[in-house]
Amino acid sequence: MATPPAPVRGMIPERTAAVNDLAIVRNHLSYASSLERRLISDIDIVVIHCTELPDLLTARSYGEHIQYPESGTGNSGHFYIERNGRIEEWVPSERIAHHVRGFNERSIGIELVNRGRYPDWLDSRNQSMCEPYAAEQIDSLIRLLSHLSERLPGLRFVTGHETLDTTLVPATDNPGELVRRKQDPGPMFEWEDLLGQTELTYFAPT
Ligand SMILES: [Zn+2]
C-alpha cells in the first residue's frame, strides 16, 4: 500500500499538541533570504490582508515581482491561506516582508486569497468587496494565529490592512473622485467572530 507523502509541518520544534496538526507548506519566495532580518521578539502585530486576486498562483507572480531593485525584493505577506484552508509560508517570520506601509518591521502579514476589487481595484464603480471568506479559510487563520502566538513572544495585536493604511488615491475611472488605496480584508471579514476566537487584541493606531 502506498504511503501518502507527509505534509510539511510548522517550523517550531516545541509545538504543543493543539497546534501540532497545523500543516504549513513552506514555499519561500525566491528573494526571501534577501529580506532584512529582525528579532522575532520585535513582532507585536499580525496584519490581516486579502490578496484582491483570483487565486494563489496569481498572487505568487505578484509576490515574486521585484519592486525594490537595490535589495532584489518585492511585496508580499508572510503567510497565504487559500479558500480551502491550505496555508503556505512565503517569508519566514524572522524576515521583514513588505506588506503594509509603516508597520512592516513589527508585523506579520497574513494574506487570505479573495478577489476583493479585482481587477479594477481603484475604479470608483467597483469598490465593494463582495466575495465571502470561506469557513475553512477562517478556521485556518484562527489556528495560524494560535500557532504564531506560541512562537512569537511579543505578539499582542491583530488588525486589518485597511486600519493601518487609510490613504486615498484618485479613482482610475474618474481622477476627481478619491478611493481607498487599501481596504482589505474589507466588509466581508467578520472581526467579531475572529476576536472571539483569538487572544490577540484588535489594534488601531492612535
Ligand atoms: Zn493588504
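Read along the sequence, the protein chain runs α-β-β-α-β-β-β-α-β-α-β-β-α-β, with helices (H or I, at least four residues) and strands (E, at least two) taken as DSSP runs numbered from the N terminus. This comes to 5 helices and 9 strands. The radius of gyration is 17 Å, close to the 17 Å that the globule rule gives for 206 residues, so the chain is as compact as a globular protein of that length; the radius is taken over C-alpha atoms, and the rule is 2.2 Å times the number of residues to the power 0.38.

The model is predicted: local features need pLDDT of at least 70, side-chain atom pairs count only at pLDDT 80 or more, and totals for chains, interfaces and linings use all residues. Residues are numbered from 1 along each chain as its sequence is written.

Colour the chain by pLDDT, the predictor's confidence in each residue, from 0 to 100. The mean is 92, and 90% of the residues reach 70 or more. Residues 7–19 have pLDDT below 50; beyond near neighbours in sequence, this stretch has 20 contacts in the model, a contact being two C-beta atoms, placed from the backbone, within 7 Å.

**The sheet**

Select the open sheet of 7 strands, with order E1-E4-E3-E5-E2-E6-E9 and mixed pairing; two strands pair if DSSP finds at least two bridges between them. Strand E1 (24–26) and strand E9 (201–202) stand at the edges with a single partner strand each, so one side of each is left without a neighbour in the sheet.

**Strand E2**

Move to E2 (residues 45–50), where 6 of the 6 residues are buried, so the strand is largely enclosed by the rest of the structure. A residue is buried if 20 or more other C-beta atoms lie within 10 Å of its own, exposed if 12 or fewer, and partly exposed in between. Ile45, Val47 and His49 point one way, and Val46, Ile48 and Cys50 the other. E2 pairs in the parallel sense with strand E5 (residues 107–112) over 6 bridges, where Ile48 stands opposite Ile110. A parallel pairing with strand E6 (residues 157–160) has 4 bridges and sets Val47 opposite Thr159.

**The core**

Select Val46, Ile81, Ile110, Leu144 and Leu145, which touch the most other members of the largest nonpolar core, a group of 31 residues. Such a core is a set of buried Ala, Val, Leu, Ile, Met, Phe, Trp, Tyr and Cys residues joined through C-beta atoms within 7 Å. E2, E3, E5 and H3 each give two or more residues to this core, and E2 gives the most, with 5.

**Backbone details**

Most residues other than glycine have a negative phi, and most peptide bonds are trans. Centre on Glu52, in the loop between E2 and helix H2 (56–64): its phi is positive, about 55°. Then visit the cis peptide bond from Tyr118 to Pro119, with omega near -5°; Pro119 is in the loop between E5 and H3. Finish at Asp184 and Pro185, joined by a cis peptide bond with omega of about 5°.
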